[in-house]
Amino acid sequence: MKTEDDTVLFDIEGRTAVITLNRPKALNALTHPMVRRMAEALAAWERDPAVHQVLVRGAGERGLCAGGDIRAIHDDAKAGTTASAEFWRDEYRLNARIARYPKPYVALMDGIVMGGGVGVSAHGGVRVVTERSRVAMPETGIGFVPDVGGTWLLGRAPGRLGTHLALTGTAVGAADALLCGLADHFVPAARLPELAADLAEAPVHEVLPRHTAAPPPGELAARRPWIDRCYAADTVEEILERLLADGDPAAKEAAETVLAKSPTALKVTLAALRRAAALGSLEEALVQEFRVSCNALASPDLVEGIRAQVVDKDRRPRWSPPALADVAGADVERHFAPLAGGDLVL
């Protein structure tokens with residue numbers, strides 16, 4: 001069994017400091033100690049003249065990181081304790097640190113990159129995807145709302161692509177991650193070891209062009225017409241009406257996917273995205289997300305969603321309320337209310 005000390009590894013390879021998320025059996029899911037240790041390492045390397053750039057990667061071949069440890073969030077929400085809020089406070093601070101890091105921060109977004117995995121990669125200055133990449137913010141499926149700066153990122157995707165990804169929780173491949181602004185470069189997975197080795201010897205802007213290639217074709221570019229038209233609607237109900245009325249089978253499939261998600265989470269997610277798009281910085285979006293996340297702990301859907309998807313794995317969540325029409329405006333607004341314990345300070 002891994003101890004706290006080896007769930008994330010830190011090395012210096014030549015001019016590059018390397019972070020390896022090291023919980024491969026858990027798809028490198030983030031724990032609170034991992035987040036704290038990453039923040040401490042980044043702070044130290046920021047002041048270290050021998051470190052010219054940082055590389056983050058995941059152990060194993062399945063993915064960089066599948067997100068946060070949602071079993072722990074489930075247990076905390078059931079118990080009514082504050083561990084999740086404390087975790088999110090440090091995690092979102094880490095996301096902000098990565099976004100403003102003064103040295104090149106290179107994220108290898110190979111394999112599964114979801115939720116918290118997006119938070120430790122997609123805010124970096126150099127974001128690399130491969131043909132194995134599957135990037136997603138799937139929170140609505142567990143009765144939650146995109147966080148870790150996800151509303152900021154998705155709110156700035158072209159057209160309404162971000163709304164589509166946020167409501168459906170769809171995982172995208174390399175080309176679509178590039179299209180949506182979640183990544184910058186495509187490198188074939190087989191070339192990642194060579195890329196990492198070269199980074200030990202030279203700056204990333206010199207090394208990267210030797211390894212990049214054109215990604216395999218994506219799906220979203222051809223779907224932009226119906227995505228932009230349908231997701232421009234003002235409410236989740238109207239979005240669904242437009243999707244179901246559209247003649248494209250992919251639009252109907254998207255509607256069916258949305259209908260399986262938490263009604264409350266869907267409405268809060270749409271509101272959070274629209275509000276984040278009007279904010280002036282990632283930090284402001286993270287403050288908003290911290291309010292939403294902490295207030296969501298009181299929602300029955302978060303516990304129920306994690307139970308259905310991760311604990312019991314019956315994939316049959318019983319959402320409360322069960323229908324979009326039953327989610328009142330006040331139910332949405334309470335997620336954005338100031339917190340008794342204080343807002344996130346960055």
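Student: What is the relative accessible area of E13?

Tutor: Residues are called buried under 20% relative accessible area, exposed over 50% and partly exposed in between, with a 1.4 Å probe and protein chains only. E13 has a value of 28% and is therefore partly exposed. The model is predicted, so local features need pLDDT of at least 70 and side-chain atom pairs count only at pLDDT 80 or more, whereas totals for chains, interfaces and linings use all residues. Residues are numbered from 1 along each chain as its sequence is written, and side-chain values use heavy atoms, leaving out hydrogens and water.

Student: With which residue does the side chain of E13 meet in a salt bridge?

Tutor: Side chains of opposite charge can pair when their charged atoms come close. The criterion for a salt bridge is a side-chain nitrogen of Lys or Arg within 4 Å of a carboxyl oxygen of Asp or Glu. E13 pairs in this way with R57, at 3.5 Å from N to O. Because E13 belongs to strand β1 (residues 8-13) and R57 to strand β3 (residues 53-58), the pair ties together parts 44 residues apart in sequence. Helices (H or I, at least four residues) and strands (E, at least two) are DSSP runs, numbered from the N terminus. R57, at 23% relative accessibility, is also partly exposed.

Student: How many salt bridges does a search of the whole structure find?

Tutor: The search finds 19. One of them joins D228 and R224 at 2.8 Å, N to O. These two residues are 4 apart in helix α10 (residues 220-230), so about one helical turn separates D228 from R224. Both D228, at 21%, and R224, at 25%, are partly exposed.

A further salt bridge is that between E333 and R275, at 2.5 Å, N to O. This pair links distant parts of the chain, 58 residues apart, with E333 in helix α16 (residues 329-333) and R275 in helix α13 (residues 263-277). Relative accessibility is 42% for E333 and 31% for R275, and each is partly exposed.

Student: Over which ring does the charged end of R275 sit?

Tutor: A charge sits over a ring if NZ of Lys or CZ of Arg is within 6 Å of the ring centre and within 35 degrees of the ring normal. R275 has its charged end over the ring of F336, 3.9 Å from the centre.

Student: Which residues touch the most other members of the largest nonpolar core?

Tutor: In soluble globular proteins, nonpolar side chains tend to be buried together. A nonpolar core is a set of buried Ala, Val, Leu, Ile, Met, Phe, Trp, Tyr and Cys residues joined through side-chain atoms within 4.5 Å. The largest one has 86 residues, and L21 and Y231 touch the most other members. Helix α3 (residues 83-99) supplies the largest share of this core, 7 residues. Another core lies apart from it, with 15 residues that include V18, V128, A196 and V204.

Student: How many disulfides does the structure hold?

Tutor: A disulfide is a covalent bond between the sulfur atoms of two cysteines; the cut-off applied is sulfur atoms within 2.5 Å. The structure holds 0. For C180, the nearest cysteine sulfur is that of C230, 16 Å away. C65 has its closest cysteine sulfur in C294, at 19 Å, which is too far for a bond. Both C65, at 0%, and C180, at 2%, are buried.
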